[in-house]
Amino acid sequence: MKTTIREIADLVQGELIRGDESTAITGFSSLEDANSSQISFYASDKFQESLQKTKAAVVLISSSGEPLAPGSTALISVADPAVAFDAIVARYGDKPPEFVPGIATGSHVDSTVQLDVSKVSILPGATVLKNAVIGNGTLIQPGAVIGERVVIGNDCEIGPNVSIREGCVLGDRVIIHGGTVIGGDGFGYEFDNGKHRKVDQLGIVKIEDDVEIGSSTTIDRARFGETLIGEGTKIDNQVQIGHNAVIGKHCIIVAQCGISGSAKLGNYVTLAARVGIAGHIEIADRVTVGGKSGVISSITEPGGTYFGYPAKPMKETLRTEMRIKKLGGLLNRVKDLEKRLEELDGKQ
Amino acid sequence: MKTTIREIADLVQGELIRGDESTAITGFSSLEDANSSQISFYASDKFQESLQKTKAAVVLISSSGEPLAPGSTALISVADPAVAFDAIVARYGDKPPEFVPGIATGSHVDSTVQLDVSKVSILPGATVLKNAVIGNGTLIQPGAVIGERVVIGNDCEIGPNVSIREGCVLGDRVIIHGGTVIGGDGFGYEFDNGKHRKVDQLGIVKIEDDVEIGSSTTIDRARFGETLIGEGTKIDNQVQIGHNAVIGKHCIIVAQCGISGSAKLGNYVTLAARVGIAGHIEIADRVTVGGKSGVISSITEPGGTYFGYPAKPMKETLRTEMRIKKLGGLLNRVKDLEKRLEELDGKQ
Amino acid sequence: MKTTIREIADLVQGELIRGDESTAITGFSSLEDANSSQISFYASDKFQESLQKTKAAVVLISSSGEPLAPGSTALISVADPAVAFDAIVARYGDKPPEFVPGIATGSHVDSTVQLDVSKVSILPGATVLKNAVIGNGTLIQPGAVIGERVVIGNDCEIGPNVSIREGCVLGDRVIIHGGTVIGGDGFGYEFDNGKHRKVDQLGIVKIEDDVEIGSSTTIDRARFGETLIGEGTKIDNQVQIGHNAVIGKHCIIVAQCGISGSAKLGNYVTLAARVGIAGHIEIADRVTVGGKSGVISSITEPGGTYFGYPAKPMKETLRTEMRIKKLGGLLNRVKDLEKRLEELDGKQ
């Protein structure tokens, strides 16, 4: 990207309200990350602090932002800064790979697979096994493996080296990033005569519409029935979800969480990074769990914030931590009490 | 699945001892997960509580279960409920993918590989490199990569997108789920002149008979010699095992555990989810470590249960947690003591 | 390997200063792991304890080690034991797979890819998409997927089933182990009208020279600009690095760490296993963070050691742990004080 503030102002039909129009612009970035030859944008009051600290050469703003920006920052006023910024990205940014319909040479698609070859895109190195169904507008990246009888809806993107095992079902607009494994066997054994005997895992994983799943996440198939990921839920990288778990709709599950078998999450649940959820427990709607917590019993009241291991209401855990901080002082106070009591005792 | 209680009773040659034989049955599930149009089974006293709470339309039982089942649940009496349930699953459930012997078109098997083409199944998109050996009855899923000189025993299943690096050795009946990496280099460097210089990792990973390994697990090759996974051990998803670690026989290692380099686990060790084991320590036979614990020194006594970080005998950690819970009260008691002592002092 | 101490002494032109030259030697290993038919080496004073405890049949030493070795261990004196040991490994060990230049049958390399076919090695089952650039001496293992416009430098090794998404840039001598995913989308959503709306992730991942990355690690592309891994940094298995994170040069990041989005690590930072770093914070140069810690605020002073959750200077966390250990005693002392005060009160 090589342009000037003037050219950008023209592109977005904005008004340069401050700064030198001939300044060279070499890239775009967020307010926080932009350097002094980049353009950024101020889309909402939420970013006031970032605007005040930005090092961007020029910022797209609506009227409200002007007084907050550093004096050295040029400003272009536009009606909708986010939309204007998107136009700049579309003009100067790298284009995402094009959707090229067809079954590429070097992919392996069984003859029994149901798909419309003019509407799906299966890239080289992808494999689709017997009786799978691929919806229109769906992209299968190289190295992805779609197992027998898997059903994938419309407009999905299956990332490179993703594995979806036999019988699993995906809705529409599902995105699965690289290396993720859907439908591996649940971890179940019977201890029998000194050995662990495998318990067959005969169910599937069902993923509803508009779910996005990060890289190297693993979701196991159910013992019977289905492990379920509800509509609109977003799952980050390296998350582990055990067999028969049920995740509600519109949840956020941040990286490296682990959800044990048969756990049930409600809707709009948020798990920060590295949270562990024990098996067979339930989490109510709209509950938030803080990072690195371990939830070992059901949370039945909707909407609270929990933290710690074992996870307690946030305030309770913070109170306990505060008390632990006071332990040094407490030890000294007890020592002092003992001494004073000794003295007092001596006086009598 | 579309059938009736009558048809099921006939299939398993059982006696309908309670309920309406014309009730429609649409699926099968565990006692816990079954809904009111599904069949389940009661195989052991361990599941008494699940039986009492089940919502299944009908349950297969032996004589003992009858009094515990909810009144609304139909009951079919059979000699062995687990065996009868298996028959129902075999009749109505999805068939697992068939083992089709041969080297599929679209797989890449080097001409030096040793195998009996009539007895192995290598699916499209799998790659087997020079001088590898594949035993009879073994299935290699799409996207799996079998490195040079790898030896795989009989009746193994290597999942989709699994990577097994050069020289590693697997016994018989080993199952490895999708995306797992066996034999990546151990993490070893010498700090030298301001840089980390790589230490060659020249050993292998050896996996004994009847081991099962979950999805996206990583087991590093040894510096010299071998990283060893003992017979019958079962490892869950996203477990990390460092170079030269030795895992005993018949261990259970639950998801997201991390076992550092050169650690040694005995036989029948159980690690709950997310346990970390420090490098170069030993864990005695039949030890159990609770979830999220971190073991930083050897556990030499067999058979105990450990918990916490650093991991201590379970009772000790729970006692410490109990004391922390009492901290609020303790602070108040000390405050009270100070006040009373002040008063007492004043009286004199 | 089948040889004798005599043959080994001859191979390394060393002097057998102790032990029976006819002893059979069947392998090589570290001092710690060697058994009584293996050879090992003593390269530095750091390994004194390992030398004293070794069970090796014979050890290569320089003059200094002699008095420390167990009496039953044969000793071969050489000028440089590490170099001599390397010669033994080169002679008797398995050869690493040979670098065979060319584009193998069964790989999928787009016609627009820039590479010198006589100098790169692309193995069967690998896929390289449009407009990628592959440097000389670089090896692409089976199942690896190189996305559109990816640039890979010279002498790199891209492991099996690795995924590198569009536009990412790797320097020279970068090693990436199996199953790792570079350049998946960052985890970013706007909550809007009851749903999580995806925020486009338009940046890349840039990996500088001499970086090594373990198996099943995930590094997300930036929202804008780049997620950066600095020169010489070594990253272990199952590490998660969020969008826009910046990792300095020559850092060590041990297995299962998680670094949240926009975090910035300085140079020579060491994170032990399972450390979590919160988003948008900075860690100064040469800081070390102990295993399983969670760093939730910036560490601005270079060179210290931190531990705990929240991470504090190591001493502070250990002091707190010590105080918690004393809690049982403290409870008793308070109980005792209460009793004595009661008595004292009664006397008056």
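In the predicted model, strand β26 of chain C, formed by residues 226-229, is covered on both of its faces. C:Glu226 and C:Leu228 are buried on one side, and C:Thr227 and C:Ile229 are buried on the other. In a regular strand, side chains alternate between the two faces of the sheet.

Strand β26 of chain C has pairing partners in strands β23 and β29. With strand β23 (residues 204-207) of chain C, β26(C) pairs in the parallel sense over 4 bridges. Within this pairing, C:Thr227 of β26(C) is the bridge partner of C:Val205. Strand β29 of chain C, which comprises residues 246-247, also runs parallel to β26(C), and 2 bridges join them. Here C:Leu228 has C:Val246 of β29(C) as its bridge partner.

The relation between chains was examined next. Chain C is superposed on chain B by a rotation of 120° with 0.0 Å of shift along the axis, at an RMSD of 0.1 Å. The two copies are therefore related as by a three-fold rotation axis. Between these chains, 50 residues of chain C are in contact with 48 residues of chain B. On the side of chain C that touches chain B, helix α5 (residues 327-347) of chain C gives the most, with 9 residues. This side of chain C has 23 polar, 18 nonpolar and 9 charged residues.

Chain A is divided into three parts: domain 1 (3-92), domain 2 (102-316) and domain 3 (321-347). The C-alpha centres of domain 2 and domain 3 of chain A lie 54 Å apart.

Definitions and conventions: Residues numbered from 1 in each chain as written. Chains lettered and ligands numbered in written order. Predicted model: local features only at pLDDT ≥ 70, side-chain atom pairs only at ≥ 80, totals over all residues. Domains from an automatic or database assignment. Buried ≥ 20, exposed ≤ 12 C-beta atoms within 10 Å, placed from the backbone. Pairing = 2+ DSSP bridges. Least-squares fit on C-alpha atoms with pLDDT ≥ 70 in both. Contact = placed C-beta atoms within 7 Å. Nonpolar A, V, L, I, M, F, W, Y, C, P; charged D, E, K, R; others polar.
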